[in-house]
Amino acid sequence: MYINQCRWLKALTAGGRTAATVINCELGVFYLRFSVIECVKGLKSTAFEYKYINHKSTTTMKVSNTAYILTSVIIGSMIACQPGKKDMNKESSVEIAKEANDSIFTDRNEEKDADFIVNAIAANYAEIKMAQLARNKSVDDRVKEIASKIETDHTKVSNELKAYADLKGIPVPLEESPGDSKELSDLDKQGVDKFDNDWYKAMESRHRKSISKFEARLKRTEDPDLRALISSTLPAFNSHLKMFEDHGK
């Protein structure tokens with residue numbers, strides 16, 4: 001019953017070392033994190049951390065040597081979705097991740113870095129789906145070729161962003177933002193005669209915005225790992241932008 005009433009958001013780390021789960025419920029947002037030390041006969045953990053976020057206060061519990069298989073039982077016993085509370089299930093996973101990060105990170109710069117990662121991952125989900133849409137819908141071989149490259153490059157970027165999030169313990173979204181979802185839907189509704197041109201325009205605009213946001217965070221972040229990640233990502237984004245600009249010439 002609890003699982004059906006609450007929304008789960010998971011972020012698993014590279015190598016199975018750590019994991020994070022965010023549960024969105026009528027009572028608030030629950031954040032769960034644990035470090036995995038054994039993956040042979042079921043996942044076991046140390047430094048199990050549970051947080052309940054209700055926008056006013058945060059309750060934290062830590063339990064050592066807690067078996068991963070018990071976490072759902074623990075959460076189920078602690079979550080009591082009560083009627084009459086504000087329905088939060090309509091929130092997107094982007095909003096849920098940001099709410100969790102707002103509570104997890106007390107340092108303002110770390111919080112800004114986390115929000116940047118959430119937005120970047122959500123944007124990448126959208127761009128990968130837009131590329132897949134173009135491969136399936138366009139009748140232009142050049143569009144299909146560019147879309148394939150976009151899908152490959154952005155999948156790589158998405159994986160690198162998630163790896164960074166895993167390293168820093170940042171909960172991440174599971175899908176694109178509602179706004180990007182609508183943009184995808186609108187593109188999908190376009191007729192074949194208009195699709196290619198609208199797709200080029202949308203992708204050019206998105207890449208300009210992404211480059212601007214990446215460059216701005218590069219200047220402001222104090223994390224050398226994030227600076228390195230952004231610096232390694234920007235060349236691909238600039239290359240994509242040039243392809244879209246060349247189309248308009």
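Let's start where two helices meet: in α5, the residues Arg-142, Ile-146, Lys-149, Ile-150, Asp-153, His-154, Val-157, Glu-160, Leu-161, Tyr-164, Leu-167 and Lys-168 meet Asp-225, Leu-226, Leu-229, Thr-233, Phe-237, His-240, Met-243 and Phe-244 in α8. Keep in mind that this is a predicted model.

**How α5 and α8 pack**
- Two packed helices are described by the angle between their axes and the distance between the axes.
- Here the axes of α5 and α8 come within 11 Å and cross at roughly 170°.
- Angles over 145 degrees count as roughly antiparallel, so α5 is roughly antiparallel to α8.

**Helix α5 from end to end**
- Helix α5 covers residues 141–168, which is 28 residues.
- From its first C-alpha to its last, α5 reaches 41 Å, close to the 40 Å expected at 1.5 Å a residue.
- At the start of α5, Asp-140 has a side-chain oxygen that reaches to within 2.7 Å of the backbone nitrogen of Arg-142.
- Just after α5 comes Gly-169, with a positive phi of about 70°.

- In soluble globular proteins, nonpolar side chains tend to be buried together.
- The largest nonpolar core in this model has 23 residues, and those with the most contacts inside it are Ile-117, Leu-161, Ile-170, Phe-214 and Leu-226.
- Five helices, α3 (93–104), α4, α5, α7 (192–220) and α8 (224–247), each supply at least two residues of this core.
- A second, separate core has 17 residues, including Ala-131, Leu-133, Val-143 and Leu-184.
- Leaving out residues up to four places away in sequence, Phe-214 touches Phe-116, Ala-120, Ile-230, Thr-233, Leu-234 and Phe-237.

**Glu-127, a residue of α4**
- Glu-127 sits in helix α4.
- Is Glu-127 buried or exposed? Its relative accessibility is 1%, so Glu-127 counts as buried.
- The side chains of Glu-127 and His-154 make a polar contact (3.3 Å).
- Not counting residues up to four places away in sequence, Glu-127 touches Ile-150, His-154, Met-203, Arg-206 and Ser-210.

**Lys-137, also in α4**
- Lys-137 is in helix α4, which runs over residues 108–137.
- Which backbone oxygen does the side chain of Lys-137 reach? That of Gln-190, at 2.6 Å.
- With residues up to four places away in sequence not counted, Lys-137 touches Leu-187, Asp-188, Lys-189, Gln-190 and Phe-195.

Conventions
Residues are numbered from 1 along each chain as its sequence is written. This is a predicted model: local features need pLDDT of at least 70, side-chain atom pairs count only at pLDDT 80 or more; totals for chains, interfaces and linings use all residues. Side-chain values use heavy atoms; hydrogens and water are left out. Helices (H or I, at least four residues) and strands (E, at least two) are DSSP runs, numbered from the N terminus. The expected span of a helix is 1.5 Å times one less than its number of residues. A polar contact is a pair of N or O atoms within 3.5 Å; within protein, one must be able to donate a hydrogen and the other to accept it, and residues adjacent in sequence count only if both atoms are side-chain atoms. Contact means heavy atoms within 4.5 Å. A nonpolar core is a set of buried Ala, Val, Leu, Ile, Met, Phe, Trp, Tyr and Cys residues joined through side-chain atoms within 4.5 Å. Buried means under 20% relative accessible area, exposed over 50%, partly exposed in between (1.4 Å probe, protein chains only). Axes are lines fitted to C-alpha atoms, for helices over the stretch in contact, and angles run from 0 to 180 degrees between N-to-C directions. Angles under 35 degrees count as roughly parallel, over 145 as roughly antiparallel, 65 to 115 as roughly perpendicular and the rest as oblique.
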